[in-house]
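Keep the structure in view while reading.

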Amino acid sequence: MALSLSIREKKLARSVGGDAAAFFFLFLAASFTALPIVFAISNAFKPLSELFLFPPTLIVRHPTLANFQDLFGLMAQSWVPMTRYFLNSLIIVALGTVGNVLAASMAAFILSTRKFIGANLFMGMVVLSLMFASEVTAIPNYIIIAKLGWIDTYASVIVPAWGSTLGLYLMKKFIDAMVDDSLLEAARIDGASEFRTYWSVVMPIVRPAWLTMIILLFQALWGTTGGNFIYSEQLKTLPHALNQIVQGGVARQGVGAAVTVIMMILPISVFIYNQSKIIQTMGTSGMAN
Amino acid sequence: MRSDTAVATTPTTQPARSPVRGRLSSVLKQIWRDRECYLFLAPFGIIFTVFTVVPVLMSIFLSFTYFNMLQPARWVGIHNYVRLFLEDDVFLIAVRNTLLYASITGPLSYLLCFILAWFINDLKPKVRAVLALLFYAPSISGNAFMVWTLIFSGDTYGLLNGLLIDLGIIHQPIQWLLEPTYIMPIVIVVVLWMSLGTSFLVFIAGLQGLDPRLFESGAIDGIKNRWQELWYLTLPQMKGHLMFGAIMSITGSFTAASQITQLVGEPLTTDYSAHTIMQHLQDYGTVRFDMGYACSIAVVLFFAMVVSQRLVQKLLDRVGR
């Protein structure tokens, strides 16, 4: 009883036995899925001798910071300063994420709240495009980006990300489910423009949707090496630079383990921050009923 | 459909205009009236068209050609499709494997995503965030597959082999990832383990987006336990999210090849025992440079996904009734 009260503010249709069973199941599943993070962190603190140990150990026995010291030493020797790679990654992640959230949510807002010619056709195309294998569109995509003259620019990675369909579909489903017609009606009677309705009425309500979108986009763009489109070394991203260091030889295994952890820090921070901001808010939808 | 017939009947009341012209001008009028809508749609719409619609159409066109990425594409009509269904035995193996594989991992991963999201939905935000991260870990950590290669390593040092030998169940190490009987089940386990991805996060957000007053009034109306609450209150409100998750599961389970490729180390498995349509596509697209053929595989795969999406839509329409 005390346990269930401590984890939940409101108590509704829940039995203590059910809570206990749910917790047991959660615990089992979490210990199964958490393995790679535990393993990655543990590896990063292993001395080389322990990294090559057979059978490999899950938990580090003699933790050391040597891997990180080696990594920072190698990073300092880089021909293009590491800060530049980091900045490149940040530019791509920030512009790509913000652009996709704005473009997709605007389109989703209008598709969800208004009826106009072509709206259903457009939405149908978005859903269908989710089901087409991206492997074969890679070459046409390359041709288009080359024709636009965007090879070896940030735009080759950032602009296509703005048109990512997953985000639009996600926003559409959330606006459909969470925004009540009566609310839009009220906004219109108050004389709010479409843009104001979108920005000040609808976007705050569907916050869980775009917080989730940011998690997914951040993760996808953070991992991008820009490999196919960006050739100049000073425009390349952090994952590219770190891969380069790791590929320096077998002895770089320890450094590689440190890289894995360093690359995880930002996506995990964004994940935890955004997830804890997704909270139930009172009186968002269905004001009238 | 209905609006078409409505427009088509208008000319009888306006005999002065020809039917086609009247219809066109009324369409244009409506478009002009809703011009603001198109303005909102434009930023996404243009980028989506240039970087998604056009490449997809180009790929469909390429599926009717022979294209090796060095010489210009040469039109071959439906030859690729004929070859696919009548001459390519491996493709038929791939179809069988994909269907088997999708019908197991698709529904299971879908249920797993929803049930776990639903269980952690009751927790306080910070606790929920950390637990969600632990579930999402296989998708966010860069080295996820290393754990599995350690477990299923084919020598006596592999964790599973070591355990089974210690217990005296086997005496010789088993080549888990090379033995046709074991590859498919192993891949299914690994994919399920990785399945708490996008749909999982969308379900969490969707559940948090539900109006809490719905459940308070539900409790007063005599909802007795969490299962009743789930079926009568939660699921009917979540239909849109459920459809989203379904599409993710369909695309995920039909295109799961990267997992197999990373686990086994190459796109081809022993005797094609875990060969899927997607691996067939990768084999022709990136190894054999037969892009036209790869495109025709993508088109067939696309239709398979569309059909299963329609089926799932029908199923979801019954939820909460």
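Contact here means heavy atoms within 4.5 Å. By that rule, 100 residues of chain B and 100 residues of chain A take part in the contact between the two chains. The model is predicted. About 8,900 Å² is buried between chain B and chain A. Within the chains, the area buried between domain 1 and domain 2 is about 1,300 Å² in chain A and about 650 Å² in chain B.

**Chain B against chain A**

- Carbon and sulfur atoms account for 76% of the area that chain B and chain A bury between them.
- Phe40(B), Phe44(B) and Phe51(B) supply 10% of the area that chain B buries against chain A.
- Helix α3 of chain B, residues 35–62, gives the largest share of the side that touches chain A. That share is 20 residues.
- By class, the side of chain B that touches chain A has 69 nonpolar, 19 polar and 12 charged residues.
- There are 9 residue pairs in polar contact across the interface of chain B and chain A, counting pairs with both residues at pLDDT 80 or more.

**Salt bridges**

- Side chains of opposite charge can pair when their charged atoms come close.
- The structure holds 8 salt bridges over all chains. The interface of chain B and chain A has 2 salt bridges.
- Arg226(B) forms a salt bridge with Asp19(A). The closest N and O atoms of this pair are 3.1 Å apart.
- Asp34(B) and Arg114(A) also meet in a salt bridge through their side chains, at 3.6 Å from N to O. Asp34(B) sits in the loop between α2 (19–33) and α3 of chain B, and Arg114(A) sits in the loop between α6 (82–113) and α7 (119–129) of chain A, so this pair joins two chains.

**Chain A: overall form**

- Chain A has 15 helices and 0 strands.
- Its radius of gyration is 24 Å, whereas a compact globule of 289 residues would be near 19 Å.
- Along the principal axes, the C-alpha atoms of chain A fill a box of roughly 70 × 65 × 30 Å.

**Chain A: domain 1 against domain 2**

- Chain A is divided into domain 1 (2–75) and domain 2 (79–277). The centres of these two domains, taken over C-alpha atoms, are separated by 28 Å.
- In chain A, 15 residues of domain 1 are in contact with 17 residues of domain 2.
- Carbon and sulfur atoms give 88% of the area buried between domain 1 and domain 2 of chain A.
- Leu71(A), Leu74(A) and Met75(A) lose the most area on the domain 1 side. Together they make up 38% of what that side buries.
- The interface between the two domains of chain A has 0 salt bridges. Under the rule for polar contact, with both residues at pLDDT 80 or more, it has 0 residue pairs.
- α3 (35–44), α4 (48–51) and α5 (66–76) of chain A each supply at least two residues of the domain 1 side that touches domain 2. The largest share, 7 residues, comes from α5(A).
- The residues of this domain 1 side of chain A divide into 12 nonpolar, 2 polar and 1 charged.

**Chain B: domain 1 against domain 2**

- Chain B is assigned domain 1 (2–75) and domain 2 (83–316). Their C-alpha centres lie 35 Å apart.
- In chain B, 9 residues of domain 1 and 8 residues of domain 2 form the contact.
- Of the area buried between these two domains of chain B, 72% is on carbon and sulfur atoms.
- Ser63(B), Phe67(B) and Met69(B) supply 56% of the area that domain 1 of chain B buries against domain 2, more than any other three residues.
- This interface in chain B has 0 salt bridges. It has 1 residue pair in polar contact, with both residues at pLDDT 80 or more.
- α3 and β1 (65–66) of chain B give two or more residues to the domain 1 side that touches domain 2. The largest share, 3 residues, comes from α3(B).
- The classes on this domain 1 side of chain B are 5 nonpolar, 4 polar and no charged residues.

Definitions and conventions: Residues are numbered from 1 along each chain as its sequence is written. Chains are lettered from A and ligands numbered from 1 in the order in which they are written. Side-chain values use heavy atoms; hydrogens and water are left out. Domain bounds come from an automatic or database domain assignment. Buried area is the accessible area (1.4 Å probe) that two parts lose on being put together, summed over both. A salt bridge is a side-chain nitrogen of Lys or Arg within 4 Å of a carboxyl oxygen of Asp or Glu. A polar contact is a pair of N or O atoms within 3.5 Å; within protein, one must be able to donate a hydrogen and the other to accept it, and residues adjacent in sequence count only if both atoms are side-chain atoms. Helices (H or I, at least four residues) and strands (E, at least two) are DSSP runs, numbered from the N terminus. Ala, Val, Leu, Ile, Met, Phe, Trp, Tyr, Cys and Pro count as nonpolar, Asp, Glu, Lys and Arg as charged, and the others, Gly among them, as polar. The radius of gyration is taken over C-alpha atoms; the globule rule is 2.2 Å times the number of residues to the power 0.38.
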